[in-house]
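Hello,

Here is the structure we talked about handing over.

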Amino acid sequence: ITSYTIYCNTTQVEPVVISAISSIEMNQGMYSTEITGLTPYTVYVCGVYANNTVDAGPNITLQIMTDEDIPESSPEDIRVTPSTSSSVLVTWSLPTLPNGVITRFTLFIDFLNDTTKFFHVSG
């Protein structure tokens with residue numbers, strides 16, 4: 001074996017080679033390398049195959065999902081509409097890049113007297 005080729009892609013069609021390496025770490029009989037730069041909370045098909053001086057051998061693939069992370073974008077379409085003389089209706093859409101399941105929004109209001117009020121909205 002002269003090297004290993006490792007790939008990860010969001011689809012199985014025409015996988016993009018992430019890393020072709022000739023030196024990898026070995027620990028307790030297992031080879032390993034870390035693939036970085038993946039998108040949070042995304043399903044990937046990853047595979048590895050061994051290469052020798054003749055050609056590449058058969059590959060083995062598996063499907064994984066990266067962990068959640070903080071949202072990469074803000075909520076969208078934010079609108080504030082007066083609803084009564086002492087209240088407003090605030091509406092918004094989910095962030096384009098939530099990087100996981102949104103479990104809560106924090107709405108804060110800055111008042112003219114330099115105080116801030118926070119509201120947590122779940123759901």
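**The disulfide**

Cys8 is buried, and Cys46 is buried as well. Please keep in mind that the model is predicted. A disulfide links these two cysteines, with an S to S distance of 1.8 Å. The count of disulfides comes to 1. The torsion about the S-S bond of Cys8 and Cys46 is about 100°, so the disulfide is right-handed. Cys8 sits in strand 1 and Cys46 in strand 5, so the pair ties together parts that are 38 residues apart in sequence.

**The largest pocket**

Both cysteines turn up again here. The lining of the largest pocket includes Cys8 and Cys46, along with Ile6, Thr33, Ile35, Leu38, Gly47, Val48, Ile60, Thr61, Leu62 and Ile64. The pocket has a volume of about 250 Å³. Strand 1 (3-9), strand 5 (43-51) and strand 6 (60-65) each supply at least two lining residues. Strand 6 gives the most, with 4 residues. What is the lining made of, by class? It has 9 nonpolar residues, 3 polar and no charged ones.

**Asn99**

One more residue to check. Asn99 is in the loop between strand 8 (87-93) and strand 9 (104-110). Is Asn99 buried or exposed? Its relative accessible area is 7%, under the 20% cut-off, so Asn99 counts as buried. Its side chain reaches the backbone oxygen of Ile70 at 3.1 Å. Leaving aside residues up to four places away in sequence, Asn99 touches Pro40, Tyr41, Glu68, Asp69, Ile70, Pro71 and Glu72.

Best wishes

Technical notes: Residues numbered from 1 in each chain as written. Predicted model: local features only at pLDDT ≥ 70, side-chain atom pairs only at ≥ 80, totals over all residues. Heavy atoms only, no water. 1 Å grid on protein atoms, 1.4 Å probe; cavity = no way out; pocket = protein on both sides within 12 Å on 5 of 7 lines; lining within 4 Å. Points joined across faces, edges and corners; volume = space filled by probe spheres on them. Nonpolar A, V, L, I, M, F, W, Y, C, P; charged D, E, K, R; others polar. Buried < 20%, exposed > 50% of the residue type's maximum accessible area, 1.4 Å probe, protein only. Polar contact = N/O pair within 3.5 Å; in protein donor to acceptor, adjacent residues only side chain to side chain. Contact = heavy atoms within 4.5 Å. Disulfide = S-S within 2.5 Å.
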